[in-house]
Amino acid sequence: MKAYKYVGKPIPRQDVSKVFGDAIYAYDVKLPGMLYAKLVGSTYAHARIKRIDYSKALKVPGVIKVFTGEDFPFKVGIYAADRDVLARGKVLYYGHPVAGVVAETPEAAEEAAELIEVEYEPLEPVLTIEDALRPDAPLIHEHMEEYRHASFIYPRPGTNIANYLKLRKGDIKKGFEEADVVVESEYREPLISHAYMENWVGIARVLSDGTVEVWSSHQSPFAVRHLLAASLGLPIGKVVVHHTFVGGGFGGKAGLLLEHIPVLFSMKLGGRPVRLELNREENFLFMAQRAGYLFKMKTGATKDGRLVAHYGEYYLDAGAYADYTVNIGRSVGFVPTGPYEVPNIHVDSITVYTNKVPTTAFRGFGMQEMHFAFEQQIDQLAEKLGMDPLELRLKNAIVPGKSYLPTQVRVREDAGDPAGTMKRAAELIGWGKKPEKPDEPWKFRGIGIASFWKGPVQPSNAASSAIVKVNEDGSVDVLVGTGEMGQGTIYALAQIVAEELGIPVEKVRVAPIRSTDSVAYTWQTVGSRGLFSEGQALMRALDDLKNQMREIAARVFNVFKDEIEIKDGKACVKGKPWECISLAEMALGYTLPNGNAIHGPLIGRGSHVPSQTTYLDPETGRGEPKPFMTFGTGAVEVEVDLLNMRVRVLKAVTVLDTPVINPGLALGQAYGGAVMGISIALNEELKLTKDGRLLNPNFTDYKVARAGDIPVEMVAEFLGVGQKNAPYGAKGVGELTMLAWPAAIANAIYNAIGVRIRKLPITPDNLLEAIKEQRPELLKELDKYLLGGE
Amino acid sequence: MAETITIRLKVNGVEKEVTVKPNERLLDVLREKFYINSVKAGCLRGECGICTVIMNGKLVKSCLVLAPEADGAEILTVEGLSRPGKPSVVQRAFIEKFGFQCGFCTPAFIMAAYWIVENMPDASEKEIKEILNSVICRCTGYKQIIEAIKYAIELKKQA
Ligand code: FES
Ligand code: FES
């Protein structure tokens, strides 16, 4: 990569207020006269609501109002508007909010909430994918045919199927006839939680002119605005969503969360500000979590290691509301295999409703889960073929410009370097060398590898825009709509501005706290799309700005525009560095010697739509779904301890093909993604009782990785292979860093002890079960040591 | 109405008497009576460590300390570590080493880091991790936090 002054450098982030304690999150927002809301959750997973008695609640001093589902007879949602504001008629999951109290203090709201009595008639809960698909299964959504859906979602009213996606490529029958070896397996991942540190909170008020104002912990301010307006029938220009710092999102704060609840409460209470803040338990119970998965896969290859056929049934356990998850079902359906060319594919991806907590996006949008399954198919095929798993991967890796996507469109020439990431990751983990055998005979080490690819899953018209304003001192304000939830995209954008204009990065400000009525539009902050999409809009805005600078300077020095160059924050006549005007001098226009002012304030504007993406054919999935794909490979060395049945990741290697704007930020994503991925692989699961009650809504029982759990060594590299239309070639990174780990760890465990992991998380119990099934002799050997046979 | 009591606290060097309910958490007293913005809640049951501050020289989870227990105590939060434009070594290290992302956990980690730098300047990586185990960060994967702490120890030694 060419050497730049700012781009590619680990320049410290601008949001140092986080380090000094004055950063403001929605959690910190308080308004004068603010009221406090508290929700009452259901105590059944599936039941009819017979009666709600809140007369006692109303008597608590300070209580203003109690709302129930009947106060809001409509649905909200993004891809499938299947969500009630508060449960109506039935509760669909344990914790489903059935009523909401608004009071003058949080204490009064809490006391009143406890006094609300709800009488239920329990119904049979549907708690597994298999049960949901039984022909005689109870219907969770009885009137699905009435729901609003995005045009690309295909629900099946009269069943529990929220979306059914078909992908057909080539001739599956012929493909399997050609295959010499076939591997058939099932893989499962449970529902899990984003476990971001800032619990969801939303504050809303309605001003006397009808403006609805919202502060909330969200990723995508414009999506919140759009969905509030669309769901509540409000004029969009009257909805203002304020974006503060966000204490982590990971997909769990994409789209509309519960913002409509404080908005509706405020609307019914004369516009007074209403705050709804969830505590940790409520955040587990009420907020959408990540779906569970079941993959049934059958994959075939020829003797010489060519992948020829892949058949799959993919099921997503979406919980009670599949509003967002239906689109994840699409995502895993139209990219149903790893980064390999497979000529014949037949996949059905089916998103089902169950009586569990609703689900939504999660970093990776189904791709971590799909790769967990598919990358183990690859290792199993390699074993059957007697081939090195790396060699099998390299043989079939997507070749940009030549290979076809599962959706039958050719992969663009400059798409990246999948094979390069495989080779480099293998090198870094020491592929081919047997890991050291620990002294303790009950400990085993192994290495494993998993490749992956992903691009954003977005509507074909997902738009972005950027505005660059020059201030009187030559500093620059950048307005973009992308959210800041830790990933730091806006600071990478600031580096691009500094580079393009040749000004110190300290002179570029991208305000983190912004509102939808005062920044440029973007569709959503999801799918690792921010840098690529906002980046392109920003490059255009900078071109626009530089063009205006050239126009002014050309006029002042009486030359042609193309004789002007922009550098060091100035517009200069080429070859005459003394004939220059600085950004500061032309910030508000330029005043000629005779007093004539020209041009006026400098504002650059730019926009972007991914104009090459298309709709997909409903019968075959054919089409161009994504504006870019980032390719990568992860590799791990693990140690399996059969005494305590624990798996430790000793080393984790990430290699991505893309260049990066700020290696400090990108490494932060890589390490954070690795630790989150390892945590998901080894620990995380939302556990339910037989009747659907959540057992672990807290951090004692829902275990996320802590400092002591991280790998001894973490390495990440970026190969610098860019896509031409991306800003400085840089594609998305954030989600990509999390995709490899469950697959790579499972492959490494097999390498260590010859046991295949088909179910997450790899807890001691689940590992023991897999060993008992597949290699019980390991346990016999263990007995020898335990009985002191040494 | 619940009875109230008066307690005296010294927060970041400023002493003040405040009237609180006996079952009020130190966390809420700091946020509501002392206007300390950095102290956040993540769980209110001692599990996430996001509310960590230094009380009488010790790292404590302010959601687990009841107001009466804090009577007479000296409390330090990130607001007390620096003056505008003059970051402490720990804050400087977090900035230079990318020791934060969303920032919601950051004040807690900065206080843990400050405590380590002040009290255990020879801490091994393992010992650093043991102390950090009491705070959850879901964003960073801890590596850059640990690097920042090691760097802060070095900066302090140089100074
Ligand atoms: S809020 Fe105190 S430990 Fe979580
Ligand atoms: S930086 Fe987000 S939780 Fe630590």
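Between chain A and chain B there are 4 salt bridges, a salt bridge being a side-chain nitrogen of Lys or Arg within 4 Å of a carboxyl oxygen of Asp or Glu. One salt bridge joins the side chains of Glu684(A) and Arg138(B), at 2.8 Å from N to O.

Before I continue, a word on conventions. This is a predicted model, in which local features need pLDDT of at least 70 and side-chain atom pairs count only at pLDDT 80 or more, while totals for chains, interfaces and linings use all residues. Residues are numbered from 1 along each chain as its sequence is written, chains are lettered from A and ligands numbered from 1 in the order in which they are written, and side-chain values use heavy atoms, with hydrogens and water left out.

I return to the two chains. Polar contacts link 29 residue pairs between chain A and chain B, both residues at pLDDT 80 or more; the term denotes a pair of N or O atoms within 3.5 Å, where within protein one must be able to donate a hydrogen and the other to accept it, and residues adjacent in sequence count only if both atoms are side-chain atoms. On the side of chain A that touches chain B, helix H1 (17–20) and helix H16 (663–682) each supply at least two residues; helices here are DSSP runs of H or I with at least four residues, and strands are runs of E with at least two, numbered from the N terminus. H16(A) gives the most, with 10 residues. By class, this side of chain A has 28 nonpolar, 16 polar and 12 charged residues. Ala, Val, Leu, Ile, Met, Phe, Trp, Tyr, Cys and Pro count as nonpolar, Asp, Glu, Lys and Arg as charged, and the others, Gly among them, as polar.

How much area is buried between chain A and chain B? The figure is about 3900 Å², of which carbon and sulfur atoms give 60%; buried area is the accessible area (1.4 Å probe) that two parts lose on being put together, summed over both. In chain A, Val19(A), Phe20(A) and Met197(A) lose the most area to chain B, together 19% of what that side buries.

Finally, I turn to chain B itself. An automatic or database domain assignment divides chain B into domain 1 (5–77) and domain 2 (89–158). Their centres, taken over C-alpha atoms, are 22 Å apart. The two domains of chain B bury about 1100 Å² between them, 73% of it on carbon and sulfur atoms. Between these domains there are 0 salt bridges and 2 residue pairs in polar contact.
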